Amino acid sequence: MLKLENLSVKIENKRLLTTISCTIQPGEIVVLLGNSGAGKTTLLRTIAGLVQPESGSMSLYERSFAEVPKNKVGMVTQAFGLFPQLTVLEQCTHPQIIVQNKTRQESTHVALKTLKSLGIDSLASTYPAQLSGGQQQRVALARLFCMDTQLLLLDEPTSALDPANTLIVAATLKQLASQGKIIILSTQDMDFAQQMIGRGLVLRDGELVEEIVSTTGTKSIKDRLLAI
């Protein structure tokens, strides 16, 4: 369980988040919604430990984030963060070897299986500069999916993907959620949000202003999102 209590962020005298509080259960997919500048990326980066909160607290399975092993929380940013000197396969194996102490054989098995699930196993020996934006995005996702991560944070995970590959990523995320992972993502893609949403958190000017729950019998979540 992820718990945020009165989380506030202020950078250079500009308040970016104001008293965000919510609880997210294992196996839940939560979609952050709101216009550009609403605070979605800041919230993801704060949870990931990339931004220091001004006040408030965060806990994962009743442990403060200072006590949570670094490999239990992972994030894919819009910049992808691939290492130019590593092949696609190495992008996925090196973190497993370094952080999880896996053997090269073990990490390669996991990496190739994950790359295949995302349709990019044929790119295993290529380098980031040889890939399209969509391919780079899938490699970044594969790298995260290879790790034993309890909390997955995804900032616009389908921004460079075509509809077919968006469906593949959606199916993979749902499978990970079924294994008890907590997934939080931001997206401006309303079709993707419609596919993924279990619960939506609507941010406006750094504040959590509304929650949307996908419930049978309510009007289309997509229509509701477009009305925000």
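Student: In this predicted model, how close do the axes of helix H2 and helix H4 come, and at what angle do they cross?

Tutor: The axes of H2 (residues 88-100) and H4 (residues 133-145) come within 8 Å and cross at roughly 25°.

Student: What makes H2 roughly parallel to H4?

Tutor: Angles under 35 degrees count as roughly parallel. The crossing is at roughly 25°, so H2 is roughly parallel to H4. As for its hand, the crossing of H2 past H4 is right-handed.

Student: Which residues make that contact?

Tutor: H2 brings Val-88, Gln-91, Cys-92 and Pro-95, while H4 brings Val-139, Ala-142 and Arg-143. Sorted by class, the contact of H2 with H4 has five nonpolar, one polar and one charged residues.

Student: Which residues of H4 and H5 are in contact?

Tutor: From H4 they are Arg-138, Leu-141 and Phe-145, and from H5 they are Asn-165, Val-169, Thr-172, Leu-173 and Leu-176. By class, the contact of H4 with H5 divides into five nonpolar, two polar and one charged.

Student: Which residues touch the most other members of the largest nonpolar core?

Tutor: This core has 39 residues, and Leu-33, Phe-145, Leu-154, Leu-173, Ile-183 and Leu-185 touch the most other members. Among the elements that each supply at least two of its residues are strand S3 (29-33), helix H3 (104-117) and strand S7 (151-155). H4 gives the largest share, six residues.

Student: What does Leu-154 touch, leaving aside neighbours within four places in sequence?

Tutor: Leu-154 is in contact with Leu-44, Val-76, Leu-141, Leu-144, Leu-173, Ile-183, Ile-184, Leu-185 and Ser-186. There is also a second, separate core of 27 residues, which includes Leu-4, Ala-38, Val-51 and Leu-201.

Student: Lys-181 is a lysine in a loop. How do you know whether Lys-181 is buried or exposed?

Tutor: Buried means under 20% relative accessible area. Lys-181 has 13%, so Lys-181 is buried. Lys-181 lies between H5 and S8, and its contacts beyond four places in sequence include Pro-26, Glu-28, Asp-148 and Leu-176.

Student: Why does Phe-65 count as buried?

Tutor: The relative accessibility of Phe-65 is 16%, and the limit for buried is under 20%, so Phe-65 counts as buried. Phe-65 lies in the loop between strand S5 (63-64) and strand S6 (73-76). Its contacts, apart from neighbours within four places, are Leu-2, Ile-47, Met-58, Ser-59, Leu-60, Val-73 and Leu-151.

Student: What makes the phi of Glu-12 worth a look?

Tutor: Most residues other than glycine have a negative phi. Glu-12 is not a glycine, yet its phi is positive, about 50°. Glu-12 is found in the loop between strand S1 (2-11) and strand S2 (14-24). With 77% relative accessibility and exposed meaning over 50%, Glu-12 counts as exposed.

Definitions and conventions. Residues are numbered from 1 along each chain as its sequence is written. This is a predicted model: local features need pLDDT of at least 70, side-chain atom pairs count only at pLDDT 80 or more; totals for chains, interfaces and linings use all residues. Side-chain values use heavy atoms; hydrogens and water are left out. Axes are lines fitted to C-alpha atoms, for helices over the stretch in contact, and angles run from 0 to 180 degrees between N-to-C directions. Helices (H or I, at least four residues) and strands (E, at least two) are DSSP runs, numbered from the N terminus. Angles under 35 degrees count as roughly parallel, over 145 as roughly antiparallel, 65 to 115 as roughly perpendicular and the rest as oblique. A crossing is left-handed if the near helix is turned anticlockwise from the far one by less than a right angle, and right-handed if clockwise. Contact means heavy atoms within 4.5 Å. Ala, Val, Leu, Ile, Met, Phe, Trp, Tyr, Cys and Pro count as nonpolar, Asp, Glu, Lys and Arg as charged, and the others, Gly among them, as polar. A nonpolar core is a set of buried Ala, Val, Leu, Ile, Met, Phe, Trp, Tyr and Cys residues joined through side-chain atoms within 4.5 Å. Buried means under 20% relative accessible area, exposed over 50%, partly exposed in between (1.4 Å probe, protein chains only).
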